[in-house]
Amino acid sequence: MRTAPPVVLVFGGSDPTGGAGLPADILAIASMGCHPAPVVTAITAQDTTGIKEFMSLPPELVIAQARAILEDMPVAALKTGMMGNSAIASAIASIADDYPDIPLIVDPVASSGRGDPLSEEPLDEALRVLLLPRALLLTPNSEEARRLAPDADTLDACAQELLSLGSEYVLITGTHERTPQVHHRLYGNKRLLDTFTFERLPQTYHGSGCTLAAACAAVLAHGLDPANAITQALHYTWSTLKHGYRLGMGQHIPDRL
Ligand code: PLP
């Protein structure tokens, strides 16, 4: 019999384009040799140009989905994406608190890269108070990092504040910065640990952040140490973008196949 792959449980929203959200997580996790266990937080109607509408599920139903899996399978990593509202964020935090030994990767999604909201209300407080203290890794883009640490005046200072809230590692992605190349920065142990520089690709991509966070969760589920896991996930993600394809009228889709 085949050895079972590590299970990665992801909380996130549906996306009928297959580009972002849970489909992105499922594709990235499976292509990295793990078994995805997707827990739906919200259903979205969207195409590659924007979000049309979304509906969050009752928090009890999110809890019931996650508990069913956690009581049945050996989950090796947890990852959060779109949460929809703070009641769902709080439900996810309470589940994560019940399983302190499972690494938690938090992608602090509040809106899409195109600026459409993916939450009914601001989630910054729930993220800062409930989820960051429990996170092994937080993966904000630079805009999300500034929003989560509004008093900090540099990205380094944002990272310090996010580390002080409890996340063991913070990976701030630099795609949104106006730099000729893209610089992603990994922080941990109260300092900048590494900077990863990639060629800036000409397109915009639907689901790049989801792909990166899911890839980090998958590599961590395989048991790699965080610094190596994050390096591997960044290279994997860049290659999915480099080979991305366009199916609709909007953003390109990362190639995780
Ligand atoms: N839809 C869902 C369900 C998402 O979770 C996300 C991002 O996390 C998006 C859309 C937006 O993806 P992007 O910002 O890459 O367009």
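Student: Is the crossing of α7 and α8 right-handed or left-handed?

Tutor: A crossing counts as left-handed if the near helix is turned anticlockwise from the far one by less than a right angle, and as right-handed if clockwise. The crossing of α7 and α8 is right-handed. Helices here are DSSP runs of H or I with at least four residues, strands are runs of E with at least two, and both are numbered from the N terminus. This is a predicted model, in which local features need pLDDT of at least 70, side-chain atom pairs count only at pLDDT 80 or more, and totals for chains, interfaces and linings use all residues. Residues are numbered from 1 along each chain as its sequence is written.

Student: What is the mean pLDDT of the protein?

Tutor: Where pLDDT is low, the predicted coordinates should not be read in detail. The mean pLDDT (the predictor's confidence in each residue, from 0 to 100) is 97, and 100% of the residues reach 70 or more. The model scores ipTM 0.91 and pTM 0.97.

Student: At what angle do the axes of α7 and α8 cross?

Tutor: Two packed helices are described by the angle between their axes and the distance between the axes. Axes are lines fitted to C-alpha atoms, for helices over the stretch in contact, and angles run from 0 to 180 degrees between N-to-C directions. For α7 and α8 (residues 226-242), the axes come within 8 Å and cross at roughly 140 degrees. That makes α7 oblique to α8; under 35 degrees would be roughly parallel, over 145 roughly antiparallel, 65 to 115 roughly perpendicular, and the rest is oblique.

Student: Which residues of α1 and α7 make their contact?

Tutor: Helix α1 (residues 21-31) packs on α7 at about 40 degrees, with the axes 8 Å apart. These two helices are therefore oblique to each other. Contact means C-beta atoms, placed from the backbone, within 7 Å. Gly21, Ala24, Asp25, Ala28 and Ile29 of α1 meet a set from α7 including Cys210, Thr211 and Ala214. Ala, Val, Leu, Ile, Met, Phe, Trp, Tyr, Cys and Pro count as nonpolar, Asp, Glu, Lys and Arg as charged, and the others, Gly among them, as polar.

Student: How many residues surround the ligand?

Tutor: A residue is near a molecule if its C-beta atom, placed from the backbone, lies within 6 Å of it. Here 19 residues surround the ligand, and the closest are Gly13, Ala20, Gly21, Ser112 and Gly113. The largest share of the shell, 3 residues, comes from α7. The shell has 5 nonpolar, 12 polar and 2 charged residues.

Conventions: Contact = placed C-beta atoms within 7 Å.
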